[in-house]
Amino acid sequence: MFRLKKWGLSLEPEGFIGCGDCYGNPKFLDGEFILTSYVVRAEVSDSEKRLKLFTVSGSCYVMDYADINESCLESTRAVLSGRGIPVDLRMCVALKEQKDRAVKERLTGVLKPNELYVVMQGGIGVSEAYFKTEKGSVVPVRVKVHTGMFQDSIIVADWQTGLCDWRIFPSVFSVEPYHWSDGLEAVHMKNIGEDFVFKGSKGEILCRSGDTTVVRKGDFVGEGLLSPDTVNGKSLFSADNGDLFQ
């Protein structure tokens, strides 16, 4: 059995499929976003609070209720109601919110003010991010994938308040930072994917699978402009630039 996190369901012309970040399937990197084959059977276990999908390819995907992707609720609701699958989405959302509260409470005791916590899918992506403010509260931070002309990047930033802004070039084996905002003291990287290295100014830092590695602002390689369609990490064509041209 394989596992899907941040999962959702989608109706397709010939049936329905699952989607999400995949773990345990040797065909994919841990944390890689996938679309499953068509689903032939679904099993619900309210006692375990999980849903199992069996696909035409012979795979079985397990999805915990608490790992639901809230941005996919409408498509997921359409599949569940249309196929008569008895999963209570209100329970899923409640469990996810409960899980999120528990994460924030735990990180309150782990992070110092002005530190960032990110869940890394190996070197290929960031699935979650939280920042501890100067006042001691832990808040979620948006993760955005920027598709560059020559190189993609991941931007972890609070666009509204400017609390933090951390940007990296991802790859299978390494992560290279290219922007680290003023005031950001450290980044705690919880790696739930494959081993990778963080390319710091004082050498490469190994981030082992299952471990949390802390990098501090002194480890940052320094401002870089490696992609011609970005200016200090901000895309010239992005709607998130704010007053870049003002």
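Pockets, strands and one exposed serine

Q: What makes the residues around the largest pocket its lining, and which lie nearest its centre?
A: The largest pocket is lined by 28 residues, and Lys 96, Asp 100, Ser 127, Glu 128 and Tyr 130 lie nearest its centre. Lining residues have an atom within 4 Å of a point of the pocket, on a 1 Å grid over the protein atoms alone. A pocket is an open set of such points with protein on both sides within 12 Å along at least five of seven lines, while a cavity is a set where a 1.4 Å probe fits but cannot get out. The model is predicted, so local features need pLDDT of at least 70 and side-chain atom pairs pLDDT 80 or more, whereas totals for chains, interfaces and linings use all residues. Residues are numbered from 1 along each chain as its sequence is written, and side-chain values use heavy atoms, without hydrogens and water.

Q: How is the space in the largest pocket expressed as a volume?
A: The largest pocket holds about 690 Å³ of space. A volume is the space filled by probe spheres set on the grid points, which are joined across faces, edges and corners.

Q: What classes do the lining residues of the largest pocket fall into?
A: There are 12 nonpolar, 3 polar and 13 charged residues. Ala, Val, Leu, Ile, Met, Phe, Trp, Tyr, Cys and Pro count as nonpolar, Asp, Glu, Lys and Arg as charged, and the others, Gly among them, as polar.

Q: What is known of the second largest pocket?
A: The second largest pocket has a volume of about 460 Å³ and is lined by 20 residues, including Asp 21 and Phe 33. By class, its lining has 8 nonpolar, 8 polar and 4 charged residues.

Q: Why is β8 called largely enclosed?
A: Buried means under 20% relative accessible area, exposed over 50%, and partly exposed in between (1.4 Å probe, protein chains only). In β8, 6 of the 7 residues are buried, so β8 is largely enclosed by the rest of the structure.

Q: Why does Ser 47 count as exposed?
A: Its relative accessibility is 67%, and exposed means over 50%; Ser 47 therefore counts as exposed. Ser 47 is found in the loop between β4 (39–45) and β5 (50–55).

Q: What makes the approach of Ser 47 and Ser 45 a polar contact?
A: A polar contact is a pair of N or O atoms within 3.5 Å; within protein, one must be able to donate a hydrogen and the other to accept it, and residues adjacent in sequence count only if both atoms are side-chain atoms. The side chains of Ser 47 and Ser 45 are joined at 3.2 Å.

Q: How do you know that β7 and β8 pair?
A: Two strands pair if DSSP finds at least two bridges between them. β7 and β8 run antiparallel and are joined by 6 bridges, with Glu 115 opposite Lys 132.

Q: Why do β10 and β16 stand at the edges?
A: An open sheet of 6 strands has the order β10-β11-β12-β13-β15-β16, with mixed pairing. β10 and β16 (203–207) each have a single partner strand, so one side of each is left without a neighbour in the sheet.

Key:
Helix = DSSP H or I, 4+ residues; strand = E, 2+ residues; numbered from the N terminus.
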